[in-house]
Amino acid sequence: MRRSRLIARRRSILISFLLAAVVSLAYTCAVSMTSQIRTPSRYTNPRFTIFACPKGPNHTQTAVNEEVALASWVFWLDPPADLVLLIGFESDSGLQDLARKYGGEAQRRERPTKVKYVRLDNEGIIKTSDGDVGPNLRFVFSTAKRAVMPQSEEDIFTYVNADIVLPSNFVTASQRSFSIGERTRPSEIVLTGTRTDCKGPLQSAEYLLNLASSSTYPRLESSFRECLPHAPTGKDYWIYRREFWERHGGIPDFMLGRFVWDDYMALVANTFGMLIDLSPVTFVIHLEHEYGHTNSRTRNMLLGGEGRKLNKRLMDAAWQVLAPNRDDSHLNLNSVYWRACPINNAGNNFIVEPAATWAHDAAWLNNTKSFPHGKGRCDYGKLFGCTTTCGILTRDARVHSENNTHATSMLMP
């Protein structure tokens, strides 16, 4: 009897030991599997790259504007970008010297932003039958991808037109918009925004270039006769994670700067991702210029040029392959389904809510002309259709956004 009880006790201990081992092994496997699952919370400190295709210092009509814009990317962003990539398509553009100048100055000021120059080869340049020449958008985007190594799905890329001045909060607003959207759409977020056009410079080109040496963001709008928000079609930057476009058909061989291509970007991002409009919370500036750098010479002539016709044919063909049974007739650059809207006048707190389409009509233009940008972000957001009660929403409003399936908040510290 005593022996049988001893055997039973040993058997019980052995079973308990085996059960504990199984539980421990299962826990270890679960932790290992969880660590391999990519979730938005695992996007920690992604590299932030800004890339553009400037015409360069040798194009006198745009040189000053491009250099002021470059200064904003390198010196004025807080936090700073990791890399600014200048992609050239002309051998004598002067871009290599400009990259060296700003990269060296960034290092002298102990700014972490690196500035690099890469030139497109002949395959990355498009020449049309009417004599126009411009970069191939697909090659521009792929060049930026190759410049950031080793590869990571977390990498954030920002294509920006070369004469766009970015505000100091640009990186912060971008990263936190990704954090909002990727709660439900991991890796499928694309950000864009409408520019503000500054026309009629009140200061000399030398004065604007002096501003480019500033260590902090100057109030550029005070140097122009007027600065007004552009129509909804003025989308001059696109922010995305590394593989977004490749997952959705890739980028066709568009001719950069000849219209239509950005319609396609909005179409794809709206249809297959989550496109968020940052216009109300990021005040990006487009400096006035002429179109003498193109063969068409004027904007109206550019609209009817061969480059635009090429882009339209490529867009239609690509969309038929990507979504042959989907009607896109109602979609354009104004069709942004989500918008970042400020909830305080400082603009450092915002939510993402369904975007109301705003009309670029006479009433809207009158409102913009009477709107002083120093008035505060609440009223500025209303110009773009933001409907959230701004100036009242506080940290307690997190309950509101969590209970509202159509809005989600990002309250900046």
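Ser187 lies in the loop that runs between α5 (170–181) and β8 (189–194). Helices (H or I, at least four residues) and strands (E, at least two) are DSSP runs, numbered from the N terminus. The model is predicted: local features need pLDDT of at least 70 and side-chain atom pairs pLDDT 80 or more, while totals for chains, interfaces and linings use all residues. Residues are numbered from 1 along each chain as its sequence is written, and side-chain values use heavy atoms, with hydrogens and water left out.

Most residues other than glycine have a negative phi, and most peptide bonds are trans. Ser187 has a positive phi of about 65° although it is not a glycine. With a relative accessible area of 11%, Ser187 is buried (under 20% relative accessible area; exposed is over 50% and partly exposed in between, with a 1.4 Å probe and protein chains only). Val260 also has a positive phi, near 70°, and is likewise a residue other than glycine. Val260 is placed in the loop between α7 (244–247) and α8, and its relative accessible area of 5% makes it buried.

## Cis peptide bonds

The bond from Asp78 to Pro79 is cis, with omega near 5°, and Pro79 sits in the loop between α2 (63–76) and β2 (83–88). The bond from Met149 to Pro150 is cis as well, with omega near -5°; Pro150 belongs to the loop between α4 (137–147) and β6 (156–160).

Gln175 is a residue of helix α5 and counts as partly exposed, at 26% relative accessibility. Gln175 and Ile156 are 19 residues apart along the chain, and their C-alpha atoms are separated by 8.5 Å.

## Packing of α8 and α10

Two packed helices are described by the angle between their axes and the distance between the axes. Helix α8 (residues 261–272) and helix α10 (residues 306–322) have axes that come within 9 Å and cross at roughly 20°. That angle makes α8 roughly parallel to α10 (under 35 degrees; over 145 is roughly antiparallel, 65 to 115 roughly perpendicular and the rest oblique). Axes are lines fitted to C-alpha atoms, for helices over the stretch in contact, with angles from 0 to 180 degrees between N-to-C directions. The crossing of α8 and α10 is right-handed, that is, the near helix is turned clockwise from the far one by less than a right angle.

On the α8 side, the contact is made by Trp261, Asp263, Tyr264, Leu267, Val268, Thr271 and Phe272. On the α10 side, Asn311, Met315, Ala318, Trp319 and Leu322 take part. By class, the contact of α8 with α10 has 9 nonpolar, 2 polar and 1 charged residues (nonpolar: Ala, Val, Leu, Ile, Met, Phe, Trp, Tyr, Cys and Pro; charged: Asp, Glu, Lys and Arg; polar: the others, Gly among them).

## Surroundings of Leu275

Leu275 is placed in strand β12 (residues 274–277). At a relative accessible area of 1%, Leu275 is buried. Apart from neighbours within four places in sequence, Leu275 is in contact with Val190, Leu191, Thr192, Trp238, Ala266, Ala269, Asn270, Val336, Tyr337 and Trp338. Of these contacts, Val336 is 61 residues from Leu275 in sequence and 6.1 Å from it in space, C-alpha to C-alpha.

## Aromatic pairs and cluster

A pair of aromatic rings is described by the distance of the centres and the angle of the planes. Rings of Phe, Tyr and Trp (its six-membered ring) pair if their centres lie within 6.5 Å; planes under 30 degrees apart count as stacked, over 60 as edge-to-face and the rest as tilted. By this rule the count comes to 16 aromatic pairs. Trp76 and Tyr217 form an edge-to-face pair, 5.6 Å centre to centre and 85° between the planes. The pair links distant parts of the chain, with Trp76 in helix α2 and Tyr217 in the loop between α6 (205–211) and β10 (224–229), 141 residues apart. Trp76 is buried, with a relative accessible area of 2%, whereas Tyr217 counts as partly exposed at 23% relative accessibility.

The rings of Phe244 and Trp245 have centres 4.9 Å apart and planes at 85°, so this pair is edge-to-face. Phe244 counts as buried at 0% relative accessibility, and Trp245 counts as buried at 2%. Both residues belong to one aromatic cluster formed by Phe51, Phe141, Phe157, Tyr159, Tyr240, Phe244, Trp245 and Trp261. Trp261 of this cluster is also one of the α8 residues in the contact with α10.

Notes:
Contact = heavy atoms within 4.5 Å.
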